[in-house]
Amino acid sequence: MPKRSAISPERRQELKVKNACYVITCFENEFLCKDHPNGRCERGFFSLFLQVLYGMAFAKKYDLPYRVDFSNVQYAYNGNEDSDRINFWEALMVQRSPSPGFNPIVNLRYETHPLRIWNRHFIRSLHQTLRSEIRLQDKLLEKVNAIKERFKGFKILGLHARRTDHATEVPPVSERVLINTIEKRIPAFDRIFVATDDAAFLEMLKTRFPQKVLAHDFIRSANQKAIHDHGGSSNGILLGEQALLDCLSLSFCQELILSPSNLSYAALVFQPETPYTLAESNAAAWSRRKTLLAYRLNQWGIRKW
């Protein structure tokens, strides 16, 4: 049985057309976005970010130039529904320009679907793609350097707690489990940096661990609704920038407590050697292990995944 990651002879021919340029985007029904017929993509920033990394790796494997294009529908990160659709990726990242007259070859789901493979070797390979292909815009890089300066001199425990739409993807652990995990680790650290979408949860941590909590002054949810479920927000670029800065901040910490989420996973992609604890429910752990098993079976050519 062929590997799930193997491409068909027909697809190989498509990729070999003259002036081919691999286009990485969320396309129609390829990524299971139910709102695509209405001109909207409801995916979170790091679902899209990881898809881009997978797409970059795929393009490099087949020696293809590529372009990231998130202007085809309305994303949470490119403004409101009444504005012109901009490619929010280019507002945050430096993108190479394709050759004039390029032939766009749009990515397929099996080529770039952002599965989270919790395996150090796999994460290191994504890190290498990130290092060679991702470059932040200068204005964003200035903010990253300011965060590094703020963190300097502290031994920091990083926490990502996804608390709003998390249950729609994987069942989260209880707040009590998270607190117990923090209490076991925090005595060894000067500070705890908290990346969370839940304003109430952050305030609770500030009360419980006074003088310990670091957090950015970012947009958070006060009603358990995902902050990227914008319904036409005008601050889309800011949402993407803040998600990226939270993730990078986690990567600057000496140890991490992570949720089974795309942002948590991306923090390891930025810094794959960081020690971490994955705070996950039994259902989430089972889902993660199934995905990892399918990945290994695919590597061995035993089954499709």
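**Reading the model**

Modeller: We begin with a loop: Glu-28 is found in the loop between β1 (20–24) and α2 (45–61). Helices (H or I, at least four residues) and strands (E, at least two) are DSSP runs, numbered from the N terminus. This is a predicted model, in which local features need pLDDT of at least 70 and side-chain atom pairs count only at pLDDT 80 or more, while totals for chains, interfaces and linings use all residues. Residues are numbered from 1 along each chain as its sequence is written, and side-chain values use heavy atoms, with hydrogens and water left out.

Biologist: What is the phi of Glu-28, and is Glu-28 buried, partly exposed or exposed?

Modeller: Glu-28 has a positive phi of about 45°, although it is not a glycine. For accessibility, buried means under 20% relative accessible area, exposed over 50%, and partly exposed in between (1.4 Å probe, protein chains only). Glu-28 has a relative accessible area of 46%, so it is partly exposed. Gln-211 is another residue other than glycine with a positive phi, near 70°. Gln-211 lies in the loop between α8 (199–208) and β6, and is exposed because its relative accessible area is 71%.

Biologist: How should I read a sheet, and what is the strand order in the open sheet of 5 strands?

Modeller: Strands of a sheet pair through backbone hydrogen bonds, either parallel or antiparallel. Two strands pair if DSSP finds at least two bridges between them. Here the open sheet has the order β6-β5-β4-β7-β8, with parallel pairing. Its edge strands are β6 (213–214) and β8 (276–278), each of which pairs on one side only. As an example, β7 (residues 255–258) and β8 pair in the parallel sense over 3 bridges.

Biologist: At what angle do the axes of α2 and α9 cross?

Modeller: Axes are lines fitted to C-alpha atoms, for helices over the stretch in contact, and angles run from 0 to 180 degrees between N-to-C directions. The axes of α2 and helix α9 (residues 236–251) come within 10 Å and cross at roughly 75°. Angles under 35 degrees count as roughly parallel, over 145 as roughly antiparallel, 65 to 115 as roughly perpendicular and the rest as oblique. The two helices, α2 and α9, are therefore roughly perpendicular to each other.

Biologist: Which residues make the contact between α2 and α9?

Modeller: Contact means heavy atoms within 4.5 Å. From α2 come Phe-45, Phe-46 and Phe-49, and from α9 come Gly-240, Ala-243, Leu-244 and Cys-247.

Biologist: Which residues does Ser-47 touch?

Modeller: Ser-47 lies in helix α2 and is buried, with a relative accessible area of 12%. Not counting residues up to four places away in sequence, Ser-47 touches Pro-114 and Asn-262.

Biologist: How many disulfides are there?

Modeller: A disulfide is a covalent bond between the sulfur atoms of two cysteines. The rule requires a pair of cysteine sulfur atoms within 2.5 Å, and the count comes to 0 disulfides. For Cys-33, the closest cysteine sulfur is in Cys-26, at 3.4 Å, which is too far for a bond. Cys-33 is buried, at 7% relative accessibility.
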